[in-house]
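This report walks through one protein chain, from single residues to the whole fold. Keep the structure open while reading.

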Amino acid sequence: MRKRILSVILTAAMTATMLAGCGGKEAQPQGNGADGTGGEVSSSDDNSYTMFMRNTYVNWIEELKWYDAAEENTGIHVEYVEGPDDFNDVYAEIDQRIISQTLPDAVMTKLAQTNVYGPQGAFADLAPYIKKYAPNLQKYIDENPDYAALVTDENGAIYGLVKESPIFIDYVAYRADHLEKAGVDPASIKTVNDFTEAMRTLKAFYSQENPNYYPLDGRENPIRFAAWFGCPSNISAEESNGVYIDHQKDGSLDIMDENAYTMVETMKTWYDEGLINPEFAANTRTEGDWEAAMINGNATFAYEYYNRAEWFMVNGGKDADPDYQMGVLDMFQDENGNILKGTSCCKYKEDCVTAVNAQCSEEKIKTILTFIDYFYTEEGLTLANYGVEGESFKTESDGSKTFIVDYATEEATPEGEKRWSFLSDRFTVCRPVDNEAFFAWNSPLIAEAAERLNKEENILEAYNIKYTVEQTEELSNLVATVFDAEIAGIVSFVTGNKEFNADTWKAFQDEMNSLGLSRIEEIQLEAYHATFGN
């Protein structure tokens, strides 16, 4: 409902703007300025532009040596307008800036917003300007039909440019010193059953002296193990299973898959035997509590973001225990030796989209696209992924590139100081990502794990699916209800608050369908076909 009301308000606001005639003119002061002080929204310099962005990203950008080099190489300066830190607050402010007509030249937004506000006149259609001023970006669009399908509407308009993301899977991080002392060989942990047995050994070894010890711990949503059982949400031309939208990776689960029952059954065993932290299993575990447990020796395993094993090493682990050493397990296998693929993030990050104020002159749009286009050139790609040759990397005799600056040293640079950093999961500018470079720019522990695990045969592909405004609105209401109900229901089974057997599980499945799960799957499949044309 809120989106419909806002749409009506926007229509009136956009009509007033268009009647004022914004065609080829520079943006004029409109009420409060980009900084909220009444100043101009747009930069008047043809070699610069203003951009609204999440404040944390702005702070990171200002520390990057390679970004400074990019501005020097292009002769274009971006003046950032800092928004809130919370993503939802960032997008809410976009809503308000559109209504009050205080958009800077460009904004960090999300695809759903560009789909709504672009056709209403808030954001410029970039398609003709890309053809005219951004040949390298145009080449990328032409060579990547999945990207073209995502950013282009039915009329051929492009209202937002989506950032590429490194392809992640979560890793099973573990205390290597714990396993060694308890006599558990990490190479012996191949299946989930092996993992359970290893946790039983660890529990028996450590819990006698430490009643607060639980082998497996984590934060927030504990229902994150579906990939280990072969039952994550999924989609194809033939079917859609589970809540896939926004949960291709985190929280991915298809409760209708027969293996989902096995997952819950196994998690209940972990809970009953004290193998999983009870607060984590009950979905009441905070991130801070989990981190403290991992650092202080109250847990051994965590299934988490790819670099968490290193994070514990440098954020108190060694201080708490001189023997502290983290490791990363191999991918789990099923009982037949088949790799259980990990859920991954999408290639294109739909909540990090660059859109351009429709009031910008053509010259200003040219400036914005020229800067972005630079990062689709070989020089720009090398700069963003490796830095400057001789300063941050060298080229080997075989043509490969090797970093010559130390990851730990650079990333430990005090806040506010310039550094070499190539963490492409952060939003700096819309550009392609070199996954090999991204994971190489990590500690030896994580770089080795990435080289070992981040292989095509280990990763479930995640699809960027384009939804209509109507589909987005319907899904947002359904998913908010169904996903939370799924998690709450499974937590109740695992913790024993609700009896778990075949009959109660079937009733749970039926309840989720009645809440809208089957409708979610239906919409997802329709959108998949519309996006990929099959």
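## Phenylalanine 483

Phenylalanine 483 sits in helix α21, which spans residues 469-495. The model is a predicted one. The side chain's residue is buried: phenylalanine 483 has a relative accessibility of 10%, and the cut-off for buried is under 20%.

Which residues does phenylalanine 483 touch, leaving aside those up to four places away in sequence? They are Asn221, His247 and Gly251. Glycine 242 is 241 residues away from phenylalanine 483 along the chain, yet their C-alpha atoms are separated by 9.2 Å.

## Phenylalanine 438

Phenylalanine 438 belongs to helix α19. Its relative accessibility is 1%, so phenylalanine 438 counts as buried.

Not counting residues up to four places away in sequence, phenylalanine 438 has contacts with Pro166, Phe168, Tyr306, Phe422, Leu423, Ser424 and Asp425. Phenylalanine 438 and isoleucine 167 are 271 residues apart along the chain. Their C-alpha atoms are separated by 9.8 Å.

## Salt bridges across the sequence

Side chains of opposite charge can pair when their charged atoms come close. The whole structure holds 29 salt bridges.

Aspartate 323 and lysine 181 form another salt bridge, 3.3 Å from N to O. Aspartate 323 lies in the loop between α15 (308-320) and β9 (326-328), while lysine 181 is in helix α9 (residues 176-182), so the bridge ties together parts that are 142 residues apart in sequence. Aspartate 323 is partly exposed, at 43% relative accessibility. Lysine 181 is also partly exposed, at 42%.

## A salt-bridge network

Glutamate 304 pairs with arginine 224 in a salt bridge, with the closest N and O atoms 3.0 Å apart. Why does this pair tie together parts that are 80 residues apart in sequence? Glutamate 304 lies in strand β8 (residues 301-304), and arginine 224 lies in the loop between α10 (192-206) and α11 (226-229). Both glutamate 304 and arginine 224 are buried.

The pair is part of a network. Salt bridges with shared partners link Arg219, Glu220, Arg224 and Glu304.

## Positive phi angles

Most residues other than glycine have a negative phi.

Glutamine 101 is not a glycine, yet has a positive phi of about 60°. The loop that holds glutamine 101 runs between α4 (87-100) and β3 (106-109). Glutamine 101 is partly exposed, with a relative accessible area of 23%.

What is phi of asparagine 283? The value is near 65°, positive in a residue other than glycine. Asparagine 283 is in the loop between α13 (278-281) and α14 (287-296). At 35% relative accessibility, asparagine 283 counts as partly exposed.

## The whole chain

How many helices and strands does the chain have? There are 23 helices and 14 strands. For 534 residues, a compact globule would have a radius of gyration near 24 Å. The chain has 25 Å, which agrees. Along the principal axes, the C-alpha atoms fill a box of roughly 75 × 60 × 45 Å.

Take the contacts between residues at least 6 apart in sequence: 76% of them join residues at least 24 apart. Buried residues account for 55% of the 534 in the chain.

## Surface and charge

The chain has an accessible surface of about 22700 Å². Carbon and sulfur atoms supply 47% of that surface.

The chain carries 41 positive and 92 negative charges.

Methods
Residues are numbered from 1 along each chain as its sequence is written. This is a predicted model: local features need pLDDT of at least 70, side-chain atom pairs count only at pLDDT 80 or more; totals for chains, interfaces and linings use all residues. Side-chain values use heavy atoms; hydrogens and water are left out. Helices (H or I, at least four residues) and strands (E, at least two) are DSSP runs, numbered from the N terminus. The radius of gyration is taken over C-alpha atoms; the globule rule is 2.2 Å times the number of residues to the power 0.38. Buried means under 20% relative accessible area, exposed over 50%, partly exposed in between (1.4 Å probe, protein chains only). Contact means heavy atoms within 4.5 Å. Accessible areas come from the Shrake-Rupley method with a 1.4 Å probe; for residues, only the protein chains shown count as cover. Lys and Arg count as positive and Asp and Glu as negative; His and the chain ends are not counted. The place of a charge is taken as NZ of Lys, CZ of Arg, CG of Asp or CD of Glu. A salt bridge is a side-chain nitrogen of Lys or Arg within 4 Å of a carboxyl oxygen of Asp or Glu.
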